[in-house]
Amino acid sequence: MDSLLQLLQGFETALTWWNLLYCLLGVIVGMLVGVMPGLGPTAGTAILLPITFGMEPVSAIIMLSGIFYGAMYGGTITSVLINTPGEAASVITCIDGHQMAKQGRAGAALGIAAIGSFIGGTIAIIGLTFIGPPLAKFALSFGPPEFFALMTLGLMMLLGLMGKSLLRGLIAAVIGLILSLVGTDSVSGVARFSFGQMELMNGFDFVIVAMGLFGVSEILIGAENIAKSEKVPKIKGLFPKKDEWKTSMISITRGTAIGFFLGLIPGANAVIASLVSYSAEKKFSKDPSRFGKGAIEGVAGPETANNAYSGAALIPLLTLGLPSSPTVAVLLGAFIMHGLTPGPALFQNNSHFVWAVIASMLIGNVLLLIMNLPLAGVWAKIALIPYKLLFPLILIISMVGAYSVKNSLWDVGAMIIFGILGYFMKKMDFPLAPTVLTFVLGKQIESSLLRSLTISEDGFLIFFDRPISAILITVTLLIIVISLFSEIKKKRSILAHDVEI
Amino acid sequence: MRSQNAGVWAGLVILIFGVLMFVQSLSYQYSSKLGPGPGMFPLWLSGILIVFSFFYIIRSIRKERITFAEILPKGKDSKQLLKVLTALVGFILIVSFIGFIMTGIIFLFILLSGEYRWYINLLISIGVTILLFWVFHGLLSVPLPVNNFGF
């Protein structure tokens, strides 16, 4: 089978000493990021982007994907031990996980979470292996109108499913789009919105925007209330009881399916994946009253779901170039930074790169399993580093990162301004995800729109002439209508989990 | 100031931003014989933003009133926030004159002040800054803002 052969070749690249090292480094950093409350995977990946500048593209992406994954694993530890989600998707794990810890079963909770995460993540990547290439081939029949329709659909799904207010989400998205237009337009050569400033001629660098909007703003908000630390429960015994294995495995299977499916949809995020899994476990359980008091399925299911989600979320990224969540958008930015444009062309032209990354993710999962099971106690200690010590470090590292993009203090200043913008956006309950997603996709959205209109003979109708784009646009419009309806009926708050930031 | 409706002010800021962009977009070519030009997309986007900002302002007045008092920190927290911002801005202004290591030490010292005893604070500031300088400048060859002496 062609895919399998290419995967094996990918392993060849991924198993070199350097790439193994980068993978290890990535997952360790990811776990650290996940373990530390206050620094989510999005902010962490964004802040570490500049470090990857000097690296080979393959190694850079291997490391960044490792961070992405590791953060998912790391968030679990603090959720279970100190009832503080290390990152948004682990919120659900707090519910039953911490209860288990209080009953002295922290080890079992962490153990099953690690095992479930490994299974979910691995199966998702295997799914990627088999679904990826056919999907990419299908996507090759996409022309500019299809891409425009697809990107609009992706954005609308994001706006429609997340956030409490469609209006605020739309405003955030438009702001991101406008920001992406600053700079020299590649089609016409006109320098737009540069206002005479030389630094703006090339537009804002993605790293600066991401670090500012996510990283710096997070710190500005955190500066207001510095968290207190609790005592960490001890960890004894890593595995669940014998009779719990069977139910846990079933939960894991369900979690994998849920997470994988949601990962494919642009607009879902890991929080939704774990939330849906938890609700499903409760529904399918023989004794729902156990949930909230330390039911192991309440840990196994959601943790598996969020790792399956992370693996599956990479499928739309690699095959269609469509990021399904802010963290994946940061990865997309990283790809572009290193000269690789995710999308169907990537599988064709740079297939060895893609397979190397996929292979290294499998390796990453194994590494994480090894690191999590025996070393859980060690990681837990790290969560105790006081925030007051941590945030100045994060700030100065961010400034170094921002400076290193173009040797420019102007960029550092811009990052701080984006940080203040992000601060107010968060305070006023504007979602940040649409802004960063549209910023990353902005130029592509514009060029596919303009190209579609250029080849079209009847203006905007071209989107409805062609079957694929017609379907996509219709679904987009449907989502807009449904969102407006549900906004009027105020049922949106159930899905309001714009917290992956 | 505290009781002002923050939503209205935010909406106004967005509105002004939209108008600014709109006016600027008018100076770019809307379309040419071949198809749309650089002006089309920004014009429409800023126009849409202006419309949205109106909706947002109206909603802030009628439905969801959020006052500044609710969103901005008070007392000790606001001092902490100002401390961070001042340190950030100060860093940028000073660093090209006295170099990364010096500015870094001052930066960390200010941010950590009040949290530890001053000599521990100083130790951490110096230690971390030098470590960062070594890792980034020395090991990874990442350019850092330095003074005339090279550090």
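Predicted model: local features only at pLDDT ≥ 70, side-chain atom pairs only at ≥ 80, totals over all residues.
Biologist: Is B:F151 itself buried, partly exposed or exposed?

Modeller: A residue is called buried under 20% relative accessible area and exposed over 50%, with partly exposed in between. The relative accessibility of B:F151 is 32%, so B:F151 counts as partly exposed.

Biologist: How much area is buried between chain A and chain B?

Modeller: The size of an interface is often given as the accessible area lost when the parts come together. Here 53 residues of chain A are in contact with 57 residues of chain B. Carbon and sulfur atoms give 83% of the buried area, and the total is about 5100 Å².

Biologist: How many salt bridges does the rule find across the interface of chain A and chain B?

Modeller: Polar contacts between chain A and chain B come to two residue pairs. The search for salt bridges across this interface gives a count of zero.

Biologist: Which element supplies the largest share of the side of chain A that touches chain B?

Modeller: Several elements of chain A each supply at least two residues to this side, among them α8 (166–181), α17 (409–427) and α18 (433–455). The largest share is 12 residues, and these come from α16(A).

Biologist: What percentage of the residues in chain A is buried?

Modeller: The secondary structure of chain A comes to 20 helices and two strands. Among its contacts between residues at least 6 apart in sequence, 79% join residues at least 24 apart. Of the 501 residues in chain A, the buried part is 63%.

Biologist: Which residue forms a salt bridge with A:E146?

Modeller: Side chains of opposite charge can pair when their charged atoms come close. The N to O distance in this salt bridge is 3.1 Å. A:E146 lies in helix α7 (residues 144–161) and its partner in the loop between α19 (462–465) and α20 (467–489), so the pair ties together parts that are 320 residues apart in sequence. The partner of A:E146 is A:R466.

Biologist: How many residues apart in sequence are the parts that A:R168 and A:D429 tie together?

Modeller: A:R168 and A:D429 form a salt bridge whose closest N and O atoms are 3.9 Å apart. A:R168 is buried at 6% relative accessible area, whereas A:D429 is partly exposed at 34%. A:R168 lies in helix α8 and A:D429 in the loop between α17 and α18, so the separation in sequence of the parts they tie together is 261 residues.

Biologist: Which residue is joined to A:E281 by a polar contact of 2.9 Å between side chains?

Modeller: A:E281 is found in helix α11 (residues 270–284) of chain A, and at 1% relative accessibility it counts as buried. Its side chain meets that of A:R254 in a salt bridge of 3.0 Å, N to O. The polar contact of 2.9 Å is made with A:S251.

Biologist: What distance separates the C-alpha atoms of A:S277 and A:G26?

Modeller: A:S277 is also found in helix α11 of chain A, and it is buried with a relative accessible area of 0%. A:S277 and A:G26 are 251 residues apart along the chain, and their C-alpha atoms are separated by 27 Å.

Conventions
Residues numbered from 1 in each chain as written. Chains lettered and ligands numbered in written order. Heavy atoms only, no water. Buried < 20%, exposed > 50% of the residue type's maximum accessible area, 1.4 Å probe, protein only. Helix = DSSP H or I, 4+ residues; strand = E, 2+ residues; numbered from the N terminus. Polar contact = N/O pair within 3.5 Å; in protein donor to acceptor, adjacent residues only side chain to side chain. Contact = heavy atoms within 4.5 Å. Buried area = accessible area lost by both parts, 1.4 Å probe. Salt bridge = Lys/Arg side-chain N within 4 Å of Asp/Glu carboxyl O.
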